[in-house]
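Work through the exercises below with the sequence and the model side by side. Try each task before reading its solution.

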Amino acid sequence: MMSIGSLVLKVQQKYEHGWQTAHFRDAVRPRILSTKPIVETIDPTCEIHVFTCAKDWLNLVWTLKTFYYYSKRHYALCIHDDGTLTESDRASLRHHFPNARLIDRPSADARMFAELTRYPRCLEFRQTNHLSPKVFDFASYLEADRMLLLDSDILFFQEPTILLRRIEDPDYTLNTVNGDVDSAYTIDPTIVHQLCDFEVINCFNSGLGLIHKASLNFDWIEEFLALPGIIGHFWRIEQTLYALLSSKYGVELLPNEYAVTLEKNLKGLPSRHYVGAIRHLMYGEGIRQLVQQGFLTALKA
């Protein structure tokens, strides 16, 4: 039997951000599983790659379904399991995205450990950093020339017009991502400029954006991983590597309406990235707004 202290703590945690957040997270969020599957995700123009886990896969379903619904696109989809998904989780993902490739962790480990033998620093990083598959596995499994990076804490509220335009313009050759509230890298950009002779873009966020396959160069990553002090915070290093690859290749940020913001304001935004500090708003603000504008009803099975 749960002690009174444990019960009080559980209630406090459940309602930490108010009853509305708890309601949309715990009662409304699972209703996405009653909506119809997203089929025919076979368009090779661009391939979406996502990395998910047992804790976040339900949010990922919201991310993907809002993207496909409001974009009206059918880009190919590749889902990477971090190794924690249960068979039930995987069955749900297969049901809702029947044309997606679902990459299990043991297969990915075997493939990447073999592929990275020529890159000792890359191999060690892939073996030791939990988020490293988002760099190496995405590149290895990518079957299109263009990839849409998409984290599972992003919701779409209308067609992301400029993002789609950049993805589908054959003359657009830059990587382009959402801007962050600040630069969150594991290395001082001045050191990169001194040692690598290129400027690192400010405020690069690897949660949402277009990445060209040609920019995912393992030789470059092997060089970057030799930079002094780059092996820092476990989640910033993945973002740092994408920022370095993109800065060397060519990059610009998406317009401000795609940028990460910590303010509570959805007006006019095509999408919102609910980073850790505002993750609770994904439910009480984002999912609530989608329900109000009829998203769940429109996708009802």
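**Exercise 1. Overall build**

How many helices and strands are there in the protein?

Solution. There are 13 helices and 9 strands. Helices (H or I, at least four residues) and strands (E, at least two) are DSSP runs, numbered from the N terminus. Residues are numbered from 1 along each chain as its sequence is written, and side-chain values use heavy atoms, leaving out hydrogens and water. This is a predicted model: local features need pLDDT of at least 70, side-chain atom pairs count only at pLDDT 80 or more, and totals for chains, interfaces and linings use all residues.

**Exercise 2. Overall dimensions**

Solution. Along its principal axes the trace spans about 55 × 50 × 40 Å. Next, take the radius of gyration over C-alpha atoms; the globule rule is 2.2 Å times the number of residues to the power 0.38. For 301 residues a compact globule would have a radius near 19 Å, and the protein has 19 Å, so the two agree. Last, check burial: 54% of the 301 residues count as buried. Buried means under 20% relative accessible area, exposed over 50%, partly exposed in between (1.4 Å probe, protein chains only).

**Exercise 3. The nonpolar cores**

Which residues touch the most other members of the largest nonpolar core?

Solution. Start with the term: a nonpolar core is a set of buried Ala, Val, Leu, Ile, Met, Phe, Trp, Tyr and Cys residues joined through side-chain atoms within 4.5 Å. The largest core has 52 residues, and Ile-48, Phe-97 and Leu-150 touch the most other members. Helix 3 (residues 57-71) gives this core its largest share, 9 residues. A second, separate core holds 39 residues, including Met-112, Met-147, Leu-245 and Val-251.

Now look around Ile-48. Contact means heavy atoms within 4.5 Å. Beyond its neighbours within four places in sequence, Ile-48 has contacts that include Leu-64, Phe-67, Tyr-75, Leu-148 and Leu-150.

**Exercise 4. The pair Glu-47 and Arg-101**

Solution. A salt bridge is a side-chain nitrogen of Lys or Arg within 4 Å of a carboxyl oxygen of Asp or Glu. The whole structure has 17 of them. In this pair, N to O is 3.0 Å. Glu-47 is buried, because its relative accessibility is 4%. Arg-101 is partly exposed at 22%.

**Exercise 5. Helix 12 and its end**

Which elements do the buried residues of helix 12 pack against?

Solution. Helix 12 covers residues 281-292, and its buried residues include Leu-281, Tyr-283, Ile-287 and Leu-290. They pack against helix 2 (19-28), helix 3, strand 5 (154-156), strand 9 (271-273) and helix 13 (295-298). Just after helix 12, Gly-294 takes a positive phi of about 85°.
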